[in-house]
Every structure is written in structure tokens, then in C-alpha cells.
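Subject: Handing over the structure

Dear colleague,

I am passing on to you the structure we talked about, and I would ask you to open it beside this email and to follow each point on the screen as you read.

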Amino acid sequence: MAVSLFSHDVSDLCLGKPALRPLSLSATLADALLALQFSHDYFVSVWDCHLPKSGCSGGVDGGAVGGDFECCRCVGKLCMVDVVCYLCKEENLLSPSAALQTSVSEILPQIPGIVMHLEPSASLLEAIDLVLQGAQNLVVPIKTKLGSNSRRKQLKNSPNAIHGGLEFCWLTQEDIIRYLLSSIGFFSPIAALSLDSLGIIGTNALSVDYHSPASSAIGAISRSITNQTSVAVIDGDGILIGEISPFALAGCDKAVAAAIMTLSSGDLMAYIDCGGPPEDLVKLVKARLKDSKLEGMLEEFTNSPSSIGFASFTSSSSDEEFSPSPRSRRCRRSSSYSARITRRAEAIVCHPRSSLVAVMIQAIAHRVNYVWVIEDDCSLIGMVTFLDMLKVFREHLETSE
């Protein structure tokens with residue numbers, strides 16, 4: 001039965017997925033921030049529509065008419081944290097506004113195969129194999145029952161249409177795990193086995209001390225984006241206190257760069273909790289920026305909605321159309337985002353004895369790609385990720401064939 005499940009088309013997983021809003025590779029970081037503000041995802045897709053036909057080998061034709069440049073490809077993805085980490089570089093601290101005029105191509109993560117194109121008719125097994133090879137997002141054309149001419153006319157003015165009037169969505173590890181969870185009975189008895197017995201607990205998790213400067217964690221934060229994980233915040237005894245999640249940071253505005261450069265890791269956790277940063281931390285950030293003579297960053301922070309306080313955005317219904325930042329907007333979003341939002345700094349944890357299916361449900365419920373694994377005394381052991389889970393299911397298929 002599991003074999004038949006793996007043969008399903010990836011188009012089955014695309015049902016109801018929103019169309020990607022494309023961002024040009026030549027856009028500036030300021031353009032990227034604007035796109036992120038109106039995105040329903042933590043990432044925006046970055047596209048190059050000036051590739052020769054040969055650049056689309058094995059991919060998807062963008063459909064441009066005439067000439068040698070007929071290919072549009074998604075060449076990567078960008079999130080708020082990529083921009084924030086760039087603003088935290090020493091050369092950008094004095095003038096973050098100038099740094100925002102940098103081209104997206106300058107900071108786009110150069111990770112081969114992180115985004116891959118896939119046809120709707122490809123099998124779920126093909127998708128899983130691409131993920132196990134390093135792909136994090138699989139770009140799939142959105143199928144339509146309308147005729148091509150009608151569809152292209154309909155999409156002519158759509159901001160989501162790629163060159164040639166095509167729309168795409170992308171699949172993530174979460175989408176695949178969610179799909180497998182709906183048929184978890186096919187994977188008996190491995191789904192009921194403990195993480196410990198399956199040997200899938202990773203012990204090389206990224207971590208930072210609670211009292212250490214948050215700026216010392218910038219490298220770890222960057223790596224956690226690449227790994228689709230998070231940075232554990234621990235005390236001197238190795239007890240897990242919380243986390244600095246790139247997904248929480250991605251829900252902030254660019255002013256969080258100032259918080260990273262001035263606060264401790266523990267204070268940063270409080271700063272990024274939903275509801276807006278505490279007033280005392282806002283004052284602390286401003287004071288330390290002034291002491292460090294970072295006038296440019298101080299100006300950006302002072303003018304940022306997050307430094308004014310979350311309450312000012314919710315006090316009047318007449319301001320409902322004003323969306324100051326992805327973070328404050330997401331705090332007013334639907335309940336589908338509530339689990340992640342209300343637990344921004346509180347790490348999602350399990351134990352070595354937890355079953356695979358229980359941890360799958362836990363991760364899906366909180367919309368995270370990982371779950372921290374701790375001992376009974378809350379000391380950190382490591383983490384288990386969606387990628388670890390997919391390896392288990394892939395191996396199960398091989399042994400059942």
C-alpha cells in the first residue's frame with residue numbers, strides 16, 4: 001500500500017496551494033521587503049526570466065515569445081532573516097538604508113539545488129528523493145482546467161503570473177510530511193516506534209548561551225535558515241530555555257537587526273515574542289544604539305513600527321488597512337498561524353521515547369520543521385527534523401519493495 005502512495009502525482013499535494021508571487025533577481029532588498037510584507041509565506045521566490053533556452057534543461061519553460069531567452073526559472077528564495085543578517089554586517093551598520101538598495105542577487109543564498117522545478121505529473125517518490133538530495137522547495141506549475149488562451153488572458157494582470165502567463169506554487173517538507181501523515185497507517189509499525197529506537201535524533205544542534213550577546217548568534221542563525229532548523233538558547237547547565245527561531249525573526253520587520261546587535265540572546269527571545277517588543281527593551285535598544293553611535297540604524301529603528309509598540313496598531317479599527325510589518329500583520333491573522341505565533345520563543349519539545357507519529361503531529365500542529373529532544377530534566381539532547389522523518393519513510397519503502 002505504501003508503494004502506491006509514493007506513486008501519487010505531486011499535483012495532489014498542490015491542491016489549494018497559493019500561487020507564488022515572483023520577485024526579480026535584479027530587484028533591490030527594499031523591493032524584497034515590500035514583497036515579504038504582502039506575502040503569505042515567510043519566503044519570497046526569486047526568479048530569473050532572462051535565461052537562454054539551454055538554462056531550462058530539465059526544468060519548466062517560462063513561455064516567453066520569440067528570441068533566445070524563453071526561460072523563467074525560480075533560482076532561489078529569500079526571507080526577512082536573510083535581509084536582517086545582511087544589515088547586521090559591520091559595513092552596513094552605519095547606513096542600513098543604503099544597504100537596502102543592494103541587489104537581491106548579492107545576498108541570495110548560493111546553495112545548489114535548494115529550489116528545484118518539478119512537473120505536476122512527477123511522483124511523490126521523485127519529490128521525496130529531491131528533498132533528500134537537498135531541495136527545500138519544489139516549484140510546480142499550477143494546473144488549470146481552462147484553455148490556455150483563456151487562462152493567459154485571465155492571468156495577464158495577475159502579480160503572481162510568471163513570464164508567459166503561468167502560475168506556480170511550491171511544495172515544502174511540511175507539505176510532504178502532512179500528506180504522509182494522512183496515510184500513516186501504511187507505515188505500520190515504524191510510525192509507532194520511538195525516536196531513540198529509530199536512531200534519528202541529531203545531536204549537533206545549533207545553540208547559544210542565554211546570557212551571550214545575540215550578535216554572537218548571527219552565524220548560527222544564518223546556518224539555521226540553511227538547515228531549516230533553529231538556534232537553541234541554553235543555560236550554563238545545558239538546560240533548554242527557549243529558541244531563536246528564524247521563522248519568528250522572519251515575522252519581524254527589519255528593525256529586529258538593531259535588537260540583534262544590542263540585546264542578549266535571552267532578551268532577544270522576549271523581543272521577538274508576538275504582541276510586540278516590551279517597552280523596556282525598545283528603550284534599551286535605542287540607548288545602546290546611541291551609545292554605539294550607530295545613528296543610521298537608530299534612525300531606522302526609531303521610525304520602525306515595531307519600535308513604536310504593537311498596541312498602537314491595534315487601538316483603532318480605522319487603521320485596519322495599514323499593515324506596518326509582516327509580524328504585526330501575522331499576529332492578526334487566522335488561527336492557522338496561532339500555534340507558531342503564541343510560541344515564538346518557547347521551544348517545541350519531545351523526549352527520546354516519543355513515537356515518530358506523535359512527533360510528526362506535534363511538528364505539523366506548530367508548523368515547524370523540527371522538534372527539540374530533551375531529557376526529563378530539560379537538558380538538551382538534540383533535535384529531530386522533517387528530513388530525518390523522510391529518510392525513515394524512504395528506507396521503509398526500499399525494504400518493503
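To begin with one of the sheets, strands E7, E8 and E9 form an open sheet of 3 strands, in the order E7-E8-E9 and with mixed pairing. Strand E7 (207-209) and strand E9 (240-244) stand at the edges of this sheet, and because each has a single partner strand, one side of each is left without a neighbour in the sheet. From one strand to the next, the twist averages 30 degrees. Within this sheet, E7 pairs with strand E8 (residues 231-234) in the parallel sense, over 3 bridges, and you can find aspartate 209 opposite isoleucine 234 in E8. Please keep in mind throughout that this is a predicted model.

Strands E4, E5 and E6 form an open sheet of 3 strands in the order E4-E5-E6, and here the pairing is mixed. The edges are taken by strand E4 (115-117) and strand E6 (168-171), each of which has a single partner strand, so one side of each is left without a neighbour in the sheet. The twist in this sheet averages 30 degrees from one strand to the next. Strand E5 (residues 137-141) pairs with E6 in the antiparallel sense over 4 bridges, and proline 141 stands opposite phenylalanine 168 in E6. As background for both sheets, strands of a sheet pair through backbone hydrogen bonds, either parallel or antiparallel.

Strand E11 (residues 370-374) and strand E12 (residues 380-385) run antiparallel and are joined by 5 bridges, and in E12 the bridge partner of tyrosine 370 is threonine 385. The hairpin has 5 residues between its strands, and cysteine 378 takes a positive phi near 75 degrees there. Helix H20 itself (residues 356-366) has as its buried residues Leu356, Val359, Met360, Ala363, Ile364 and His366.

The largest pocket has a volume of about 810 Å³. Sorted by kind, the residues of the lining of the largest pocket divide into 13 nonpolar, 10 polar and 9 charged.

The second largest pocket has a volume of about 400 Å³. Of the 20 residues that line the second largest pocket, Asn227, Thr229, Met383, Thr385 and Leu387 are the closest to its centre; among them is the threonine that is the bridge partner of tyrosine 370. Helix H10 (218-227), E12 and helix H21 (386-400) are the elements that give two or more residues to the lining of the second largest pocket, and H21 gives the most, with 3 residues. The residues of this lining divide into 7 nonpolar, 12 polar and 1 charged.

Two single residues also deserve a look. Is arginine 394 buried or exposed? Arginine 394, which is found in helix H21, has a relative accessible area of 16%, and because buried means under 20%, arginine 394 is buried. Leaving aside residues up to four places away in sequence, arginine 394 touches Leu125, Ile128, Asp129 and Leu132. Serine 11, by contrast in setting, has its place in the loop between helix H1 (2-6) and strand E1 (22-24), and at 15% relative accessibility serine 11 counts as buried. With residues up to four places away in sequence not counted, serine 11 touches Pro120 and Lys143.

Finally, here is the chain as a whole. The secondary structure of the protein chain comes to 21 helices and 12 strands, and 54% of its 401 residues count as buried. Of the contacts in the protein chain with a separation of 6 or more, 69% are accounted for by residues 24 or more positions apart.

With best wishes

Key
Residues are numbered from 1 along each chain as its sequence is written. This is a predicted model: local features need pLDDT of at least 70, side-chain atom pairs count only at pLDDT 80 or more; totals for chains, interfaces and linings use all residues. Side-chain values use heavy atoms; hydrogens and water are left out. Two strands pair if DSSP finds at least two bridges between them. Buried means under 20% relative accessible area, exposed over 50%, partly exposed in between (1.4 Å probe, protein chains only). Contact means heavy atoms within 4.5 Å. On a 1 Å grid over the protein atoms alone, a cavity is a set of points where a 1.4 Å probe fits but cannot get out, and a pocket is an open set with protein on both sides within 12 Å along at least five of seven lines; lining residues have an atom within 4 Å of a point. Grid points are joined across faces, edges and corners, and a volume is the space filled by probe spheres set on the points. Ala, Val, Leu, Ile, Met, Phe, Trp, Tyr, Cys and Pro count as nonpolar, Asp, Glu, Lys and Arg as charged, and the others, Gly among them, as polar. Axes are lines fitted to C-alpha atoms, for helices over the stretch in contact, and angles run from 0 to 180 degrees between N-to-C directions.
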